[in-house]
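Visitor: Hi, could you walk me through this structure? I'm new to this, so please go slowly.

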Amino acid sequence: MSFARAAEISAYLKKYTVGIAGCGGLGSNCAVALARAGVGKLVIADYDIVTNHNLNRQYYFHDQIGRLKVHALRENIQRINPDVSVKAFDLKLCTSDIVDLYSKCDVIVEAFDKAEMKYMIIETVLSRIPGKPLVVGVGMAGWGSTNLLHSRYSENLIICGDETSEVSDSLPVLAPRVGIVAHMQANEVLNILLKEFKPVDE
Amino acid sequence: MKINLNNKSESFEKEQLTITELLALKNYTFKMLVVKINGELVRRHEFDKAIVRDGDDVMVLHLVTGG
């Protein structure tokens, strides 16, 4: 029976669009989770290419080194779920791009690396696209301390992470913890999109 | 005054504080801070002017690099 319910959820999610800003450790893993769940359309943006150093945590493969992340991620998503429509933008997002690309999305996921970029998208969405749900990832460097990871809600701004651990030479971002936060973000997206979901047999 | 700071009740001797004063009292010395008063975003250049009063709900988010 659980297969039927999962299929029903997937069919329900088809009408929604989620914007993902950044395709690194947070964005690539979050996008894949949302594609598996059945979100109909993903709008992804990043300017970077896949390097060997990305493979310790980001959803790319060794034979994709040197390719644009947005193109590699679109390919990976379509190999997982060909029903997902992926709009891929090869650009370094600025304030006006965020308004242009993400205003029509149902939910926006912040998946940048740099604190300055996180600030930029939060300020842009809160002031230029007020009311739009924005799920951000803050603090996931290192390993262990799973219990410090949490979700915090401030109106339409949802914060996932430990809010303290900053990446440094001695504290890198590694697959498990960034993967947990990326999936927490995807989970918060589903929580928003499924708010009015009513199973047929209940 | 008594305010709600990051979902916790906090008391201050002063009847009102600017965001800059509040951040100093709470030892928030970080650069990348997102601040909301009663759900409204306060931009960085307004930290000296924006006033927190009794009963206000204040959200402070410290952004760190990594992702």
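This is a predicted model: local features need pLDDT of at least 70, side-chain atom pairs count only at pLDDT 80 or more; totals for chains, interfaces and linings use all residues.

Visitor: What size is chain B along its principal axes?

Guide: Taken along those axes, the C-alpha atoms of chain B fill a box of roughly 40 × 25 × 20 Å.

Visitor: And how does its radius of gyration sit against that of a compact globule?

Guide: The two agree, because a compact globule with 67 residues would have a radius of gyration near 11 Å, and chain B has 12 Å.

Visitor: What share of chain B is buried?

Guide: Of the 67 residues in chain B, 22% count as buried. If you take the contacts in chain B between residues at least 6 apart in sequence, 66% of them join residues that are at least 24 apart.

Visitor: Switching to chain A, which way do the residues of strand β4 point?

Guide: In β4(A), which covers residues 107-110, Val107(A) and Val109(A) point one way, while Ile108(A) and Glu110(A) point the other way, and all of them are buried.

Visitor: Why do they alternate like that?

Guide: In a regular strand, side chains alternate between the two faces of the sheet.

Visitor: Which strands pair with β4(A), and do they run parallel or antiparallel?

Guide: Strand β1 of chain A, residues 17-21, is joined to β4(A) by 4 bridges, and the two run parallel. Strand β5 of chain A, residues 134-137, also pairs with β4(A) in the parallel sense, over 3 bridges. Glu110(A) takes part in both pairings, with Ala21(A) as a bridge partner and Val136(A) as its partner in β5(A).

Visitor: So how does the chain get from β4(A) to β5(A)?

Guide: The chain crosses through helix α5 of chain A, residues 115-128, and this β-α-β crossover is right-handed.

Visitor: Last topic: how many residues does each chain bring to the contact?

Guide: Chain A brings 31 residues and chain B brings 14 residues. On the side of chain A that touches chain B, α2 (25-37) and α5 each supply at least two residues, and the largest share, 8 residues, comes from α5(A).

Visitor: What classes of residue are on that side of chain A?

Guide: By class, the side of chain A that touches chain B has 14 nonpolar, 9 polar and 8 charged residues.

Terms used
Residues are numbered from 1 along each chain as its sequence is written. Chains are lettered from A and ligands numbered from 1 in the order in which they are written. The radius of gyration is taken over C-alpha atoms; the globule rule is 2.2 Å times the number of residues to the power 0.38. A residue is buried if 20 or more other C-beta atoms lie within 10 Å of its own, exposed if 12 or fewer, and partly exposed in between; C-beta atoms are placed from the backbone. Two residues are in contact if their C-beta atoms, placed from the backbone, lie within 7 Å. Two strands pair if DSSP finds at least two bridges between them. A crossover is right-handed if, with the strands pointing away from the viewer, the path from the first strand over the helix to the second runs clockwise. Ala, Val, Leu, Ile, Met, Phe, Trp, Tyr, Cys and Pro count as nonpolar, Asp, Glu, Lys and Arg as charged, and the others, Gly among them, as polar.
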